[in-house]
Amino acid sequence: MRKSGMLLPIFSLPSNYGIGTFGASAYAFVDFLAAAGQSIWQILPLGPTGFGNSPYQSDSTFAGNPLLIDLDLLVKDGYLTESECAAFSWGENPDTVDYDRVKAYRPLLFKTAFERFFAAIPADYEAFCEAESGWLSDYALFCTLKDVHGGAKWQEWAPAYRDRDEAALTAFSAAHQDEIAYYKMLQYLFFRQWRALKARANAKGIDILGDLPIYVAMDSADVWSHRELFALNAEGKPTEVSGCPPDAFAEDGQKWGNPVYHWAALKDTDYAWWKARVRHACMLFDLVRIDHFRGFESYYCIPAEAENAKIGVWRKGPGMDLFRSLEEEMGRLPLIAEDLGFLTPAVYELLADSGYPGMRVMQFAFADVQGDSSYLPHNFCENCVAYTGTHDNDTILGWAQTARPDEWDFAAHYLGIETREEAPQGMLKALLSSRADTVVSQAQDWLEKGSEARINTPGTTEGNWCWRARSGDFSDEVAVKALDLTRLYRR
């Protein structure tokens, strides 16, 4: 079945409180997608953001980002008042997230909500805590320990806490019951709001496409509570970290810094932790994109002390053994393989054996002006998810305005357009008309935004993950334009 959707992070929604949330603008965007004939809303990971505000560096693969909790809904629930929310300045620029203010002021309001929440605990709160006990207790304890240690990395905590001494943790938990309960409350509110929004999308015929990064952050509750599953030394520090080797785009390679997995230990548990991870993702989302799929075939390991990624070694991943184990327990999984980057015959074989759709990105197609790239629409296979660009790419207009002259000439000829301003419409039409079963476009491309609306520039740490749409951007006029092309190409 031919489908189309749009990619828009939750934080990019308009709101009155400095960042997009699960509130009215999210419901309005669901209505916009339905009016535009779309059947997929792709978002980024929903976990708490880490270094550089990246959703791909989270302190938990299971927890939700409290910054996405909608304040107006908390007012409606009686946990806050309108005047309390309006007492803070949430930023001067409606086009960008002011993370400094959001991170400073949200906790003050949440602490106020905490007092009212536990004065009348919701009937389903204890059931939520029980259902999520596999990760929630450790996460709330982790967050409280970080607070007590002034935000220090867990490897720098007092040894008894770092090494999870049972008696020390029991005593700490007893002495900090309110702080731990506060973090559990935030997760309850997050998931209650998210599930309501997802239910609304599903009722409108829209599936949520989420994202599951292959790696987790070093300074996370996941690594602290499951040290045996990662390549760490006795002090909990990594011996090897993730990344990719030097290539034409990065002469030093990329040193991501995430700890790599101890796959033999994971296999000994029949991949129990990965099963919990995937099961949780499939609860959150209808479709799940697994980031860096090639890492399941072979993954690049860099000595933790290395300055860059020039020195490293490829190690074999779990391959199909992991995915067979997952599907034996959970049935066929709604996974999408992010198979971009340097691929080998073994990676192609893993993708074919899994049967999961891979990805195609049109912006990559025009760099080789003499070739016949697999990213050109006429070369798309049906079993793929095709994009004009992902969150790591520029917008179409931004790409067109910075493309090499020969690259632009090739694209213009291929798309049948003359000016760079026509690039968004030309590329969107080519995407929607392609053979790919599923296509996804960045929402800002329908608004014909330039590079100012780019979500992320890989390899940089400033100015990312902060673009926001304005109220009224996703108008009836834009919906009609998208609906026309969607129907024209039978999606």
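**Backbone angles, burial and packing**

Reader: Let's begin at the tail. Where is Arg490 found?

Author: Helices (H or I, at least four residues) and strands (E, at least two) are DSSP runs numbered from the N terminus. Arg490 sits in the segment after α19. This is a predicted model, where local features need pLDDT of at least 70 and side-chain atom pairs pLDDT 80 or more, while totals for chains, interfaces and linings use all residues. Residues count from 1 along each chain as its sequence is written, and side-chain values use heavy atoms, without hydrogens or water.

Reader: What is the phi of Arg490?

Author: Most residues other than glycine have a negative phi. Arg490 isn't a glycine, yet its phi is positive, at about 60 degrees. Glu448 is another case: its phi is near 55 degrees, again positive in a non-glycine residue. You'll find Glu448 in the loop between α18 (443-446) and α19 (476-488).

Reader: Is Arg490 buried or exposed?

Author: Here the cut-offs are on relative accessible area: buried is under 20%, exposed is over 50%, and partly exposed is in between (1.4 Å probe, protein chains only). With 64%, Arg490 is exposed. Glu448, at 38%, is partly exposed.

Reader: What about a charged residue in a loop, then? Is Glu132 buried or exposed?

Author: Glu132 is buried, with a relative accessible area of 10%. Look for it in the loop between α5 (125-131) and α6 (133-148).

Reader: And which residues does Glu132 touch?

Author: A contact means heavy atoms within 4.5 Å. Skipping residues up to four places away in sequence, Glu132 touches Arg195, His280 and Met283. Phe62 is 70 residues from Glu132 along the chain, but the two C-alpha atoms are separated by 9.2 Å.

Reader: What is Arg294 in contact with?

Author: Leaving out neighbours within four places in sequence, Arg294 has contacts with Trp314, Glu338, Phe342, Leu343, Thr344 and Val347. Arg294 counts as buried too, at 4% relative accessibility, and its loop runs between β6 (287-290) and β7 (298-303).

Reader: Now a helix. Which residues of α16 are buried?

Author: Helix α16 covers residues 405-415, and in it Glu407, Trp408, Phe410, Ala411, Ala412 and Leu415 are buried. Their cover includes α15 (396-402) and α17 (423-433). Just after α16 comes Gly416, with a positive phi of about 70 degrees.

Reader: Let's zoom out. How many residues has the largest nonpolar core?

Author: A nonpolar core is a set of buried Ala, Val, Leu, Ile, Met, Phe, Trp, Tyr and Cys residues joined through side-chain atoms within 4.5 Å. The largest one here has 159 residues, and Trp41, Trp194, Trp274, Phe296 and Phe323 have the most contacts inside it. Helix α9 (residues 177-203) gives this core its largest share, 13 residues. Apart from that core lies another, of 5 residues, including Val241, Tyr300, Ala306 and Ala309.

Reader: What about the whole chain: how many helices and strands has it?

Author: There are 19 helices and 12 strands. Of the 491 residues, 55% count as buried. If you take contacts between residues at least 6 apart in sequence, 73% of them join residues at least 24 apart. Along the principal axes, the C-alpha atoms fill a box of roughly 70 × 55 × 40 Å.
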